[in-house]
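I opened this model to take notes on its fold and its chain contact. My entries follow.

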Amino acid sequence: MRKKVIFACATGVATSTFVSQRVMQYCEENGVPIDYEQSNVASLPSLDNTADLIVATTTVPYDLKTPVIYGMGIITGIDEDEVFHEIMKVIKEE
Amino acid sequence: MEVQGEVYLSEDLFVVGLNCTSKEEVIETLSNLLVSKGLVKDTYLSGILEREQQSPTGLRTKSVGVAIPHTQPEHVNSNSFAVGVLEKPVIFADMLDPSVTVEVRIVFLLALTESSKHIDIMKKVMGLFKVESTLHNLLTLSQEQLFSFFDQLIKGKQTKL
């Protein structure tokens with residue numbers, strides 16, 4: 001079954017757009033397409049447990065059950081490979 | 001005014017050699033350009049400043065610090081952006097950790113509507129930030145060259161600098 005990822009930033013319009021595009025492309029290229037949703041960070045508590053992973057580009061000040069990975073490296077290129085690797089680990093989990 | 005894929009750009013939205021001492025001053029200077037063209041609403045500036053306070057937009061890159069102030073689509077009329085290149089860095093707070101300061105030389109003031117059309121702007125503009133040489137080269141351009149680069153970038157005719 002496809003994994004679902006929520007991409008979250010402060011407004012839910014700018015950085016999460018960029019990061020979601022890059023991650024979806026990466027997952028598809030690696031043969032594991034994902035479902036996704038974009039969100040602002042304030043909506044995350046109400047979306048907890050509705051996805052397998054949250055990729056955030058702003059601090060998530062909530063204690064959530066869904067794992068959170070920070071995706072800033074996908075924008076800045078700093079430790080970008082590590083970020084993708086972490087994401088793939090969750091996506092590929094059985 | 002250039003209209004390309006629902007993105008409005010014109011040369012006077014690109015400013016080089018800016019002498020500003022605070023992020024507020026840069027943001028207001030660039031915001032006035034967007035307001036004067038009717039690309040954003042009168043509430044845009046306060047929306048930007050409020051959002052910058054709550055969730056800052058400074059980005060620590062590998063080379064030149066950048067910031068991407070933006071706000072909710074309700075303050076925006078058309079997809080557009082203004083770019084300001086600063087003589088000396090101004091301090092923004094970091095997007096991920098607001099307790100960290102970022103010395104910013106290039107400010108991208110984004111005007112984004114709710115429409116899906118801004119996906120393309122985001123992909124092209126934010127795709128530049130991880131290329132160290134591109135950010136360095138942006139600092140050296142004239143206003144005309146800066147506009148020309150982003151115009152070509154948005155049209156898909158140029159991808160790097």
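Strands pair if DSSP finds at least two bridges between them. Helices (H or I, at least four residues) and strands (E, at least two) are DSSP runs, numbered from the N terminus. Opposite A:Phe7 I found A:Gln38 in S2(A).

I noted the basis: this is a predicted model, where local features need pLDDT of at least 70 and side-chain atom pairs pLDDT 80 or more, while totals for chains, interfaces and linings use all residues. Residues are numbered from 1 along each chain as its sequence is written, and chains are lettered from A, ligands numbered from 1, in the order written.

S1(A), helix H1 (residues 15-29) of chain A and S2(A) form a right-handed β-α-β unit. Right-handed means a clockwise path from the first strand over the helix to the second, with the strands pointing away from the viewer.

I then read all of chain A. Its pattern is β-α-β-α-β-β-α-α, with 4 helices and 4 strands. The C-alpha atoms fill a box of roughly 30 × 30 × 20 Å along the principal axes.

Last, I checked the contact between the chains. Chain B gives 23 residues and chain A gives 17; residues are in contact if their C-beta atoms, placed from the backbone, lie within 7 Å. On the chain B side, helix H3 (residues 118-126) of chain B supplies the largest share, 5 residues.

Notes. Two residues are in contact if their C-beta atoms, placed from the backbone, lie within 7 Å.
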